[in-house]
Amino acid sequence: MPAPADRRYSDSHEWYKQEGDVITIGITQFAVDELTDITYVDLPAKGKHITAGKPFGEIESVKATSELYSSISGEVLDSNAALKDDPSLVNQDPYEKGWMIKLKAPGANLSSLMSAADYNAKHS
């Protein structure tokens, strides 16, 4: 599945979908394919401040445990609570139902991140 064109992408395989000052973050299909069956996702609580370049959570699979990173700073508005009960949603639909967090990030500039075309070319 190619990466959707309405987002930007990081080298660490997170995607960023911006809607005004709110940015939704998740992981790409490429990352899901590398991790295989996801068994647990640890996400920050609402109100927590996320710092660019620092881990904001963890994702575990039958294969590995990996940290989740954000390329932007902001305040967590929401975490995907459904992933606590059913982490396989990330496997099933990483770009919609498997989203991780929503950040309030006024003035965030995602232009330094890869476009979908660049990400797809690098990871196809």
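The largest pocket has a volume of about 180 Å³. A pocket here is an open set of points on a 1 Å grid over the protein atoms alone, where a 1.4 Å probe fits, with protein on both sides within 12 Å along at least five of seven lines. The model is predicted, so local features need pLDDT of at least 70 and side-chain atom pairs pLDDT 80 or more, while totals for chains, interfaces and linings use all residues. Residues are numbered from 1 along each chain, and side-chain values use heavy atoms, without hydrogens and water.

The pocket is lined by Y40, V41, D42, L43, S79, N80, A81, L83 and K84; lining residues have an atom within 4 Å of a point. Strand β4 (38-42) gives the largest share, 3 residues.

Across the whole structure, 2 aromatic pairs were found. Rings pair if their centres lie within 6.5 Å; planes under 30 degrees apart count as stacked, over 60 as edge-to-face and the rest as tilted. The rings of Y9 and Y119 are stacked, with centres 5.0 Å apart and planes at 25°. Y9 lies in strand β1 and Y119 in helix α4, 110 residues apart. Both Y9 and Y119 are buried (under 20% relative accessible area, 1.4 Å probe, protein chains only).

W15 and Y95 form a tilted pair, with ring centres 6.3 Å apart and planes at 40°. W15 and Y95 are also buried. The charged end of R7 sits over the ring of W15, 4.4 Å from its centre; this requires CZ of Arg or NZ of Lys within 6 Å of the ring centre and within 35 degrees of the ring normal.

Conventions. Grid points are joined across faces, edges and corners, and a volume is the space filled by probe spheres set on the points. Helices (H or I, at least four residues) and strands (E, at least two) are DSSP runs, numbered from the N terminus. Rings of Phe, Tyr and Trp (its six-membered ring) pair if their centres lie within 6.5 Å; planes under 30 degrees apart count as stacked, over 60 as edge-to-face and the rest as tilted. Buried means under 20% relative accessible area, exposed over 50%, partly exposed in between (1.4 Å probe, protein chains only).
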